[in-house]
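This briefing is meant to be read beside the sequence and the coordinates, with the points grouped by topic.

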Amino acid sequence: MTDDYEHYEAVVVGAGPGGAAAAATLARNGVETVVLERGVDAGSKNVTGGLIYAEESAPYTVDGIFPGFREHATERPITEYYIHNVAGESVKSFDITAMHEHDTEWADAVLRRKMDSWMAEQVHRLARETGGGLLTDVKVSGLLEEDGEIVGVTCEELDPIRADVVVAADGVNSELAREAGLMDWESPEEWFQGVKAVVDMPDGTIEDRFGIGEDEGHAHLFSGDLYDGVRGGGFLYTNEESLCIGNVFHLDSIVEERAEVQDLLDRLLTHPFMAQWLGEEYEEREYSAKLVPDSKKAANPSPYEGRLVLVGDAGGQMQAQGPIIKGMNHAVTAGALAAEAFVEARSRGKPDSVGARYERRLHDEGVMDKLRPRRYRVAAALGENDAATGIAERALDSPVGRLGLRALDRVDALERAYASPYLAMMMPDTSVPYATLPAVIGEALGDPVREENHVEPPTLEERIGDLTYDTDVGNPHIVVEDNSFDASGAAVTACPVSAEGFGGGCYRDETVKQNGSEERVVSLDTQPCVECGTCAVVADTRWEHPRGGKGVEFEQG
Amino acid sequence: MHTVALTKGVPDFREGQVSFDEDGHLERGETPTVMNPNDKHALRTALQVKVRNGGHLSVMSMGPPGYGDVLGEAMESVYADDLYLLSDRELAASDTWATAITLATGLEKLEDPPDLVFAGFKTADGETGHTGPQTCWCLDWPMITHVVALDVDEAAGRVRAKRLVEGDIEEIETVEAPMPAFIVADPEFEPTYRKAAHRLTLKDLRAETRERAEDHEEHLTTWDHADLNLDPDYIGLDGSPTIVSSVDPIPKAPAEREATMVDPADAAGMEELFEAMEPFAAADGQSAAGD
């Protein structure tokens, strides 16, 4: 052990919204802060749906921390919000703008490369004044420990760095959270997987096709029988001159149904209902994917260990409850609260009390109850069992159930129910709200769509070919520990850049003949990896992020 | 701490840039001038010293006034503080000896005497590798060549380097010298920035230099032979003992092999290809086609 390691008061790992909010708040309080980002640029490793919210009830909002944020870093404000219940080619739409506006100061569509790189400039300027700053191309590889205590971080590209506090804002696949035993990749039930296309919209087409002005935007959600019973839904958000279109599914459902997630994206893109927005010419700017923690199950109620605190996705702080999808705002709040906790701990002369102070703030400020709502816990206990699901599905699908829906619709009770944040918070994670109910609504109440969809989505090979990679040749960041099909075969379909019968993806299904017997195994090529982390959960792997600056580089995010 | 990196403008010998006449002579007017590619090793070494030890970094060159742009390029890549160009007609057609005298005089004229001077590893046009060592000889400083790693101990006034022995990467020796010293960087030199502070300094320098390099001429000092107080008899063509009697182009080796392109989609063509390959496969005693 040498003593010439560098020391900073605070090391923030990751320059997403959580890390940026933490670093900016630390720096403004005079804490010497260094931010280490593994991408070539902040935002180059990030993917969102995505909308960012500023909540009225939140102690911090992103534009409060970064003045000028909406002007420089976002796309369109979301002024109208709809949910569409799809049954075959029939669609019943509800306006849920009221739910969207509940507790919302504003909400904008964002693309992460633009958003995060703008924030990183502000963070660097603020942190530089403290003697720190923000560095890209640096991957933090682990925790620096002495006598069993966390005292800093180790990096691939730099010598170890000592710190009085380590803020792990290193995303959904946080290696630091896992090394500290605060998160794992064990249960598919705790995760969603999002797959998205950013679709180019030439100047003026969004205004024409959506019937909105330059400073207005739409959000649309899709559910029903589009996805062969895979639990989840689709989304569409308007950016300035592009659309984000994608799906978010429960990962356990993707695995159970052996769903090819890229095909489910195409299912949405080619549905006749989408023709009104996509027109004749379809140009995809970028294909991307991301694992999303389900905070109801994955949010760590006590997200710290010694000097290490977890913020954002690294701590599972992603709220997805029915149509309420909020992650980045919670990351921002958590980042600022973690910073506040450290500033207070330092001023009391007890820097090691940062974690306990951070946890208390998450509870006192109501963040934890949004992430793990009590109402959901009660409802889930009642609703998330097979008997209840079966009864609900049969009831809904019966003539009586349909009659009931029609009656409710006549008095707009269904739309109001969908727009109720109270009900959304307690929606159980079963097929009833995701697939059965929307499909029944679409069939019983929907109008058939007559437009013809001309979209021809790119193939998976073309999508991979359009992405930018800097491959770390000879140094794969994922290793399959058990290559038997039983252990790791789920990755072939669940991985968004792999498919059965496709040789150009990450995971391939192979039959090996050996000594007269046949064995079904999977092989892995990490080159096309989009670093979503799906295989870390569904296959038996040793999973790390690539080294600094290596791997995929998202231009849109 | 004052460091100086020496650089030279050379014809851009890359394919598509360089132009030769019918006799194989270089057409200087048609060929753009760029920074000598090997000088980037010297610049990278100088930059490492600036990042790790701080101080003032200058870049110096001898050549026609047009070399100012080459220096501007150097300023951007090495984040130099200022630029020096030794330039006038009396200096034209200098050989390495006359160039070394001129450069050494320029280095000695600097108001803040340099602690370290860096030169690249031979130029792309002359390829002699003489100018750096001769300049050092004129200065009568210690010289370390083939440097692959460098540490400066400013307090002790010493520099320690790892260098290749006989240019062999397998054989590395560590040497020390008092400053001022002359360093010739090897192409194998890799700067190391293992501290966050180093990388943050680099980021600062990049931002500062972006503005400075835009009007690099404001940071350029040009000295002629009178400024340097050099006797025209000892510089330029008159001061160059090297006499080039003639330059002969090396004839291209005649190509004896023929190549035929086959489209993999052309079944008949591929069939012929496999037939043509068969004798070679058989000669190996194995079937190339597989079972």
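The model is a predicted one, and its two chains are treated here first one by one and then together. In chain A the assignment gives three stretches or sets of stretches: domain 1 (6–75 + 110–183 + 300–371), domain 2 (76–109 + 186–297 + 385–457) and domain 3 (460–553). In chain B it gives domain 1 (2–234) and domain 2 (260–291).

**Chain B: domains and confidence**

- The centres of domain 1 of chain B and domain 2 of chain B, taken over C-alpha atoms, are separated by 53 Å.
- The average pLDDT of chain B is 85, and 96% of its residues score at least 70.
- Residues 285–291 of chain B, however, have a pLDDT below 50, and in the model this stretch makes two contacts beyond near neighbours in sequence.
- Where pLDDT is low, the predicted coordinates should not be read in detail.

**Within chain A: domain 1 against domain 3**

- Between the C-alpha centres of domain 1 of chain A and domain 3 of chain A the distance is 30 Å, and the contact draws 14 residues from domain 1 of chain A and 14 residues from domain 3 of chain A.
- Together, domain 1 of chain A and domain 3 of chain A bury about 1,100 Å², of which 41% is on carbon and sulfur atoms.
- Of the area that domain 1 of chain A buries against domain 3 of chain A, 44% is supplied by A:Arg38, A:Lys45 and A:Asn173, which is more than any other three residues supply.
- Four salt bridges are counted between domain 1 of chain A and domain 3 of chain A, and 10 residue pairs, both at pLDDT 80 or more, are in polar contact between these domains.
- A salt bridge also joins A:Glu553 to A:Arg113, with 3.1 Å between the closest N and O atoms.

**Between chain A and chain B**

- Chain A contributes 18 residues to the contact and chain B contributes 10 residues, while the area buried between the two chains is about 1,200 Å², with 47% of it on carbon and sulfur atoms.
- Three salt bridges are counted between chain A and chain B, and the side chains of A:Arg128 and B:Asp204 meet in a salt bridge at 2.7 Å, N to O.
- The polar contacts between chain A and chain B number 11 residue pairs, with both residues at pLDDT 80 or more.
- On the side of chain A that touches chain B, the elements giving two or more residues are strand 1 (6–13), helix 5 (112–128) and strand 7 (133–135) of chain A; strand 7 of chain A gives the most, with three residues.

**Two local sites in chain A**

- Helix 9 (residues 261–269) of chain A is largely enclosed by the rest of the structure, because seven of its nine residues are buried.
- The buried residues of helix 9 of chain A are A:Val261, A:Gln262, A:Leu264, A:Leu265, A:Asp266, A:Leu268 and A:Leu269.
- A:Thr534 lies in helix 24 (residues 534–538) of chain A and counts as buried because its relative accessibility is 1%, under the 20% cut-off.
- The side chain of A:Thr534 is in polar contact with the side chain of A:Gln193 at 3.0 Å.
- Apart from neighbours within four places in sequence, A:Thr534 has contacts with A:Gln193, A:Leu251, A:Leu291, A:Ala494, A:Cys495 and A:Pro496.

Terms used. Residues numbered from 1 in each chain as written. Chains lettered and ligands numbered in written order. Heavy atoms only, no water. Domains from an automatic or database assignment. pLDDT = per-residue confidence, 0-100. Contact = heavy atoms within 4.5 Å. Helix = DSSP H or I, 4+ residues; strand = E, 2+ residues; numbered from the N terminus. Buried < 20%, exposed > 50% of the residue type's maximum accessible area, 1.4 Å probe, protein only. Polar contact = N/O pair within 3.5 Å; in protein donor to acceptor, adjacent residues only side chain to side chain. Buried area = accessible area lost by both parts, 1.4 Å probe.
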